[in-house]
Amino acid sequence: MADAGPARVPTLEAIDEKFGPPEPTDQPSGYFRRMVDADWLRRNGVYATLALLIGVNVVITDNFVSSNTLRLQLVQVAPVLIVALGMALVIGTEGIDLSVGATIALAAAIIPLYIGYGAPGAIGLALFAGVVTGSVAGLLVAGIGVQPIVATLGIMVAGRGVANLLGGEIKSIRDPAIVSLGTDSVAGVPYVVVIAGAVSLVVWGVVRHSTYGRQLVAIGGNKRAAELAGLPVKRVLATTYVVSGVLAALAGVLLAARSRASDPTKIGLLMELAAITAVVVGGTPLSGGQVRIVGTIAGALLIQLIGATLIAHDIPDSTAQMVQAVIVVAAVYVQLGVRRANR
Amino acid sequence: MTAVELSEPTHPAVSRPTTGARAARVLQRQGALVILVIVVVSAKFGFDRFATTRNVTSIAEQASFLGFVALGMTFVILSGGIDLSVGSVFALGGVLAAWGSQHGTWLAVLLPIVVCSAIGLAQGLIIARGGLPPFIVTLAGLLFARGTVLAITDEGSTTYKVPTGSAFRDFAQGELLGVGYAVWIVVALFAVGGVVLHRTSYGSTVLAIGGQEDAAALMGLPVVRTKVVTYAMSGLLAGVGGMMIASYTSSGVTILGVGTELEVIAAVVLGGTLLTGGSGTVLGTVVGVLLLQVIKNVINQVGSLDSSWQAVVSGSILLAVVTVQRYLARIERQ
C-alpha cells in the first residue's frame with residue numbers, strides 16, 4: 001500500500017482543495033469530553049473490569065480474600081502471563097506467534113529427557129529449544145518474508161510433532177531442584193510467581209526505556225517507514241520472535257515443574273489462544289505499533305479470574321467458555337469503538 | 001504489498017515475462033501439486049498397499065471431511081479474512097447431527113445446517129458490520145462453539161449415537177461406484193465453488209475485497225454483504241463436514257475438530273492461496289487437502305514410524321512451500 005507509486009500521491013494542497021481544509025482541532029467541549037471518556041475506557045477498561053470482578057468476588061465468593069486463593073490464582077496465571085508478554089512484543093510488531101504452545105511442549109519434553117545433566121543443564125537445554133523455534137520463526141518472517149501467521153503455524157504443527165517424538169508418553173519429573181522450582185516459595189511467594197513478576201518487570205522496562213523497544217513499536221506502526229528511517233528492521237523482528245520463543249520455553253519449564261510431569265501431547269495446548277486473548281483484552285491492538293505490558297498483565301489476570309470465578313460457583317466449563325467468548329469480543333469492540341471516535 | 005506484486009506481471013504495457021519468471025509463476029501456483037505427484041509416485045513404488053483401490057478410496061473419503069471445511073476457508077482467506085472457529089463448528093455439526101438423528105433424519109440434516117450457518121452469519125455480521133478483526137471474532141467463535149458442544153453433551157460426557165437402521169447413516173456410509181457419497185458431494189461442491197469464484201460477481205467481489213478492501217468499497221461493491229455471506233458459508237460448510245463425519249462414524253464425537261482450523265488453513269495455504277487474500281484457487285485447496293491426507297496415509301503405511309511424524313512432515317512441508325513461494329514471487333518480479 002505504501003509503495004503504490006510515488007507519482008500518483010496527491011500533494012497536501014491538492015487534498016485540501018478537494019476536501020476542504022482540515023477541521024479545526026478545538027471542537028466544542030461536549031464532543032471533546034466524549035472522546036476523552038472513550039479514550040479513558042480503552043486505556044483503563046481492563047483495570048476497571050478487573051477491579052470490578054475482584055470486588056464482586058470479595059462479596060459473593062467464600063474464602064476469596066485469603067492468601068491461599070491469591071497464591072493459587074497467581075501460580076496458575078504465571079505461565080500464561082510469561083507467554084503473553086512475549087506475545088505482546090510480537091503483536092507489537094504487527095506479527096503473531098502461534099508456535100508458543102508447541103515450544104512449551106518441546107521445553108517440557110526436554111526436561112525429563114536431559115535431567116541426567118542436572119537441573120540447570122536440563123533447563124538450559126529446554127530454554128535453548130525456545131531459541132531454536134524462535135530463530136526459525138524469525139528467519140522465516142524477517143529473512144524470507146513469510147507471513148507470521150503461516151510461519152508460526154508451520155512451526156506449531158511440526159514442533160508439537162517433534163515434542164511427541166522426543167517425549168513419547170507422559171514422564172514424571174522427580175528431580176528435587178525442578179520440583180522445588182514448581183512448588184516452593186520464597187518469603188511466602190512461590191518461585192513461579194517471582195519469576196513471572198521479574199519477567200514482567202524486565203519486559204516492561206525494555207518496551208518503555210530501550211532502543212529496541214522503541215524500534216519494535218516503530219516497525220509495528222509502519223514497517224516501510226521504519227526501513228526507510230534506517231532501523232534494523234530484520235534484526236529487531238528476528239529478536240522479537242526469539243524472545244517470544246524463550247519466554248514460551250520458560251513457561252514450559254515452569255508448567256512441567258509444577259505438574260511434576262511432562263505430557264507433550266497435552267501441555268501448552270491452546271496456550272497461543274489464551275496468550276493472544278490476554279494481550280488483546282489488555283489493550284494492545286492486533287494491528288501493531290503499540291505494546292501495553294501492564295495492560296497485558298491485567299488482561300491475563302482478568303481471564304484467570306473469570307475462569308476461577310466461574311469454577312468457584314460451579315458454573316460448567318461450557319458456560320465458562322461462552323462467557324469468555326463474549327468478553328473477548330466486547331473488549332475488542334470497546335477498543336475499536338474508541339479508535340474510531342478518536343479519528 | 002502483494003497487490004502490487006500481483007498486478008505488475010499482468011499489465012500489458014510491461015514487457016513480456018521471461019521464461020524463468022513464467023516458470024516461477026507456475027511453480028508458485030502449483031508447487032503443492034508437484035509435491036503431491038512426487039509423494040504419490042514414490043509411495044506407489046515404495047508401498048505395495050498404497051495404490052490399491054481400497055486405500056485410494058479411503059484417502060479420498062478421509063480427505064472429503066476436511067474438504068468441506070477447506071472449501072469455506074478458501075473463500076474466507078481469499079476475502080482477506082480468517083476463520084478460526086471451523087474446528088469447533090465442525091464438532092458442533094457432528095454432535096447436532098447425531099443428536100438430531102435420534103429424532104428423525106430430516107432433523108439430523110437440518111439442525112447442523114441451520115445452527116452452524118447461524119454461527120457463521122453472526123461472526124460475519126460482527127466482522128463486516130462491527131469492523132472487528134476476523135482473527136479475534138472467530139477466536140471467540142471457536143470458544144463459543146466448543147462451549148455449545150459441551151453444553152449439549154453434559155460437559156462432553158455424552159456421545160450421541162446414530163440409531164441403527166437410521167437413513168442418516170447412508171449419507172456417508174452409502175457408496176456410488178465404490179466411492180462414498182461424501183466424496184461425490186465434496187467434489188460437486190468444489191466444482192460449484194470454482195464456478196462461483198471465477199464466474200460470478202460474488203466471486204469477483206470476494207477477490208476484490210481480499211486484494212484491497214478500501215478500493216472494493218470505493219468501487220461500490222457490496223463489501224459487507226459479501227463478507228457476511230462468506231463467513232456464513234464457512235460456518236455452513238464446517239457444519240456439513242461435521243454432519244458427514246457423524247454419519248460416517250454413526251456418532252457425534254465431542255473431541256473432534258481440535259486443531260482442525262489450523263490443519264485446514266495449512267491445506268489452503270499449501271494450495272497456493274495467499275493468506276493476505278485476493279489470490280488463489282479452489283482447485284489448489286483440493287491439492288492441499290489431498291497432500292496432507294496422502295502424507296498421513298503414507299506415514300501410516302510405514303508401520304515402524306510414530307504417528308507424530310505426520311505432524312512433523314506436514315509442518316515442514318508447509319514451511320518449505322511458503323518459503324519457496326516467497327522466493328519464486330521474488331524471481332517473478334525481476
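Q: In this predicted model, is the crossing of α6(A) and α12(B) left-handed or right-handed?
A: Helix α6(A) and helix α12 (residues 260-270) of chain B pack with their axes 11 Å apart. The angle at which α6(A) and α12(B) pack is about 125°. The handedness of the crossing of α6(A) and α12(B) is left-handed.

Q: Are α6(A) and α12(B) oblique or roughly antiparallel to each other?
A: The packing angle of α6(A) and α12(B) is about 125°. Roughly antiparallel requires an angle over 145 degrees, and roughly perpendicular covers 65 to 115. The orientation of α6(A) and α12(B) is therefore oblique.

Q: Which helix supplies the largest share of the side of chain A that touches chain B?
A: In the contact between the chains, 37 residues of chain A face 38 residues of chain B. On the chain A side, α5 (119-144), α6 (148-167), α12 (271-281) and α14 (317-342) each supply at least two residues. The largest share, 14 residues, comes from α6(A).

Q: How many residues of the side of chain A that touches chain B are nonpolar?
A: This side of chain A includes three charged residues. A further nine are polar. The number of nonpolar residues there is 25.

Q: Are α4(B) and α5(B) roughly parallel or roughly antiparallel to each other?
A: The axes of helix α4 (residues 86-101) and helix α5 (residues 105-130) of chain B come within 7 Å. These axes cross at roughly 150°, and the crossing is right-handed. Angles over 145 degrees count as roughly antiparallel. The relation of α4(B) to α5(B) is therefore roughly antiparallel.

Q: How many polar residues are in the contact of α4(B) with α5(B)?
A: Among the α4(B) residues in this contact are G93(B), G100(B) and S101(B), and those of α5(B) include T105(B). The contact of α4(B) with α5(B) also has 11 nonpolar residues and no charged ones. Its polar residues number four.

Q: What distance does helix α13 of chain A reach from its first C-alpha to its last?
A: Helix α13(A) spans residues 293-312 and has 20 residues. At 1.5 Å a residue, the expected span is 28 Å. The distance reached by α13(A) is close to this expectation, at 28 Å.

Q: Which residue just after α13(A) takes a positive phi?
A: Helix α13 of chain A comprises residues 293-312. Just after α13(A), a positive phi of about 55° occurs. The residue that takes this phi is D314(A).

How values were computed. Residues numbered from 1 in each chain as written. Chains lettered and ligands numbered in written order. Predicted model: local features only at pLDDT ≥ 70, side-chain atom pairs only at ≥ 80, totals over all residues. Contact = placed C-beta atoms within 7 Å. Helix = DSSP H or I, 4+ residues; strand = E, 2+ residues; numbered from the N terminus. Nonpolar A, V, L, I, M, F, W, Y, C, P; charged D, E, K, R; others polar. Expected span 1.5 Å × (residues − 1). Axes fitted to C-alpha atoms, helices over the stretch in contact; angles between N-to-C directions. Parallel < 35°, antiparallel > 145°, perpendicular 65-115°, else oblique. Left-handed = near helix turned anticlockwise from the far one by under 90°.
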